[in-house]
Each structure stands twice: as structure tokens, then as C-alpha cells.
Amino acid sequence: MMNAFDRLGSMAYSGMGLLRLLVLCTLAACCVARSPPGPPSPPNPFSPLHPLSCNDSEVLKVADFALQNINRDQKDGYMLSLNRVHDVREHFQEDAISLEDMGSLFYLTLDVLETGCHVLSKKAQKDCHPRVFYETVYGQCKAMFHINKPRRVLYLTAYNCTLRPVSQRKVHTTCPDCPSPIDLSNPDVLEAATKSLEKFNSENLSKQYALVKVTKARGQWVVGPSYFVEYLIKESPCDQSQASCSLQPSDSEPVGLCHGSLIQSPRIQFPLTQSSEKLVTVTCEFFESQAQVPGHKNPEVSQGSKELPKKNTAPTNAPSVTAPRGFIQRLPDLDVENPDNSKGEKPEEAFPVQLDLTTNPQGDTLDVSFLYLEPEEKKLVVLPFPGKEQRSTECPGPEKNSNPMLLPP
């Protein structure tokens, strides 16, 4: 039997053990509370999406290819330029049957700026520059782009873009006298386009041109109310010798883009009466496929974007390449969309761009056999578009055009 002395020693030993355990727990809690945050969690080793650097030269080439194809897919509006790569993941592809290397599918998030080049101009992307700060339209595109270098395949699988004009409230804070956007249906806008085109036609001795539609309009007070417009034109069968004639069919293609202005200037006459004089200016740039306008110096026409590498010419009965699935949506100025946001707080999602060809976390297959022109089916595995988690620490990349008025996407 254990005597009293032994029982006392055992209790003391147990008490010391509990005390030691309590001290160790307290120290551990302090260490956790005071430890600096560790590095971000490494990418999921089981995820097939590999984060890449947004400033990598190869990534920038892929982004340029994708944006060229997005611009080429448009039938209206203005070309977009790359401001920076916001995020990029690479998904290596393999043929499930032959185990052939199928290249990669890139998941790109691009911050973009609208340029002054119309999509119908077919200008090279490098020759198109973003608009001045008070006309800036900016946004974000998400795109899936397939590249198979050995087979010389480059294909824009899908894309979606969301664009907004810069906040006019911010513009007027910095530049109160800068021109402001005007509704395209404003009668003064139509007058400015009509009068400036009349001036162009009066100076052109060969062809006459008709208004297709106004694409941009701004107003400003100079020496009087002033209007600045951009509009598309098409050829008209009329000439100056005809009092009237029918216009071209409504489906005829636009042939150029004009920049016109109408400035109403007060004029003092004698006896002292006041009238207004309308000063009109106009310049027109014809698209690449259009011939030189006699009597006018055509602006230098840039060659189209460098053709992407292609496979050998396909037989005449081969199926055509399927157009990418995508669209560009244009949202209003955030101050117009949220007039009650007087503090100018950043919304939770300024550019709600979604691009999900699938919601299956395991992915779905996408048939791209038409790109390879072979008897065997060729399919890509497409995953849901990745979010912000686990992207590269080198993303987003640096901006090409820094503008303090842009709201970071």
C-alpha cells in the first residue's frame, strides 16, 4: 500500500505536470498571436491551372493575340488596347485517346482601354492609342485562348468584356472646361455632323458621302456653344451636279470615319445687332480598303495586324473556323449608374465580367476538331473561369497608361 508520503509526492508531481502543460499552452498562444503573417498558400498541387507572371513576355504575347482577335470579332465600335494583364492561368491540354500534346488553354483577365481607331479601320493594334483622359473608356476582358505551337494553332475560344467611361465628376473636378459627352440623339449633334459632312462634300469634286451614324459626341463652351462629333460615312451615288438623288442601300458598308465640329461664334454687326456665325471643321479618314479620295490627302493607312500563324491551306470543303463566343457590354458612367453615391466609394464590382463555359468543377470538353482538320476528334478540357484566389504574386502586371481617374478593376 502507498503511504501518505508517497501519495503526497505523486500529487505534487501531477500538479507540476499540469502547471508545465499550462505554461506551454500559454507560450504557444502568445507565439501564434505575435507571429507575422506567413507567405500566401502555395497553389493547389492538384489544380490543373498554373498561375503565371502577368509581366512575362510570353504571357504578354498571348494577351496581344487574344485582344487582336477580340477586336477582329467586332463589327461596330472602337478597338481596345491592352493596359495590363490582370491575371493569367495556363491549363496544359492532352488528347485523351492518343495522349498527344494539345498545347495550352490560357485563362486571361485583361485591363483594357478604348482607342480612337474604329474596328472597321483594320488598323494595326500598335498604331491605335488610348483616348485623351476626359474621353477615356476603360474596362476589363476575360478570355480563353488556345495555343498549340507545334500545330500552329491560335484560337480565341471565348471572351466577354465590360467597359465604362471615366467618371465625368472626376473629370470636371480636374478640368471644368473639358468637353462633356452629349446624347447622340441631341439635334445639335445631328446638325454638327450634317454641316461638317456638307463641308467635306463641297470640297470633294468626285465622290459624295452620306451619314451612316454618329458614334461619339461632346459639347463645350468656347466662344459660344460648340459640338464635336465622330461619325461613320458611306458612299452616295449623288454628285454636286444633281439636285437630289437616292441614297445608297441602308445595308451598304461604311467607308470612313469623320471628325467634325460646329462652333457658334457671336458676331457684332452695325447698326449694333448681334447674330451668330457657325464655324465648321471636318477631317475624314477612309478605311484601309478604300481608295485615295481625289483632291484630298488620305491619312496614312497602316497595314492590318500581322496575321497569326496558320496551318497549311485547308481543302475547299473543310469546315470554317467557328467564331468565338463572346460580347462587349458597355455600362454607363458609375456616377450615372449610382447617382446617390456622393462619396465616390468604389462599388463591389465595377466591371461585372463573367465567362463560364461550364460550371462543372471537373471541367467539360469542347470540340475543336475544326482547327485540326483530321479524322480524329480533338477536344479541349474547359474548367470554370478562375477567381482571384491562388493567382501569381506577380499579378496584376504594371500599367502601360497610368491615369488617376481610372477606377481600378
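**View 1. Asp-183 and its polar contact with Ser-185.** In this predicted model, the side chain of Asp-183 makes a polar contact with the side chain of Ser-185. The distance is 2.5 Å. Asp-183 sits in the loop between strand S6 (180-181) and H4. Is Asp-183 buried or exposed? It counts as exposed, because its relative accessibility is 51% and the cut-off for exposed is over 50%. Look also for Gly-219. Asp-183 and Gly-219 are 36 residues apart in sequence. In space, their C-alpha atoms are 9.8 Å apart.

View 2. Helix H4 spans residues 187-203, which makes 17 residues. From first C-alpha to last, H4 reaches 25 Å. That is close to the 24 Å expected at 1.5 Å a residue. Which residue caps the N-terminal end of H4? Asn-186 does. A side-chain oxygen of Asn-186 lies 2.8 Å from the backbone nitrogen of Asp-188.

**View 3. The buried residues of H4.** Seen here are Val-189, Ala-192, Ala-193, Ser-196, Leu-197, Phe-200 and Asn-201, which are buried in H4. They lie on the same side of H4 because they cover an arc of only 160° around the axis.

**View 4. The largest pocket.** How much space lies in the largest pocket? About 810 Å³. The largest pocket is lined by 35 residues. Nearest its centre lie Val-137, Pro-181, Thr-215, Lys-216 and Ala-217. Which of the elements gives the most to the lining? S7 does, with six residues. By type, the lining residues divide into 16 nonpolar, eight polar and 11 charged.

**View 5. Leu-156 in strand S5.** Find Leu-156 in strand S5. Leu-156 is buried, because its relative accessible area is 2% and buried means under 20%. Now find Gly-326. Leu-156 and Gly-326 are 170 residues apart along the chain. Their C-alpha atoms are separated by 9.7 Å.

**View 6. Lys-122, a residue with a positive phi.** Most residues other than glycine have a negative phi. Lys-122 is not a glycine, yet its phi is positive, about 60°. Where is Lys-122 found? It is in the loop between S3 and strand S4 (137-148).

**View 7. Arg-152, with phi near 55°.** Arg-152 also has a positive phi in a residue other than glycine. The value is near 55°. Arg-152 has its place in the loop between S4 and S5. With a relative accessibility of 47%, Arg-152 counts as partly exposed.

View 8. Most peptide bonds are trans. The bond from Cys-395 to Pro-396 is cis. Its omega is near -5°. Where does Pro-396 lie? Pro-396 is in the segment after strand S13 (379-382).

Key. Residues numbered from 1 in each chain as written. Predicted model: local features only at pLDDT ≥ 70, side-chain atom pairs only at ≥ 80, totals over all residues. Heavy atoms only, no water. Helix = DSSP H or I, 4+ residues; strand = E, 2+ residues; numbered from the N terminus. Expected span 1.5 Å × (residues − 1). Buried < 20%, exposed > 50% of the residue type's maximum accessible area, 1.4 Å probe, protein only. Arc of directions from axis to C-beta. Polar contact = N/O pair within 3.5 Å; in protein donor to acceptor, adjacent residues only side chain to side chain. 1 Å grid on protein atoms, 1.4 Å probe; cavity = no way out; pocket = protein on both sides within 12 Å on 5 of 7 lines; lining within 4 Å. Points joined across faces, edges and corners; volume = space filled by probe spheres on them. Nonpolar A, V, L, I, M, F, W, Y, C, P; charged D, E, K, R; others polar.
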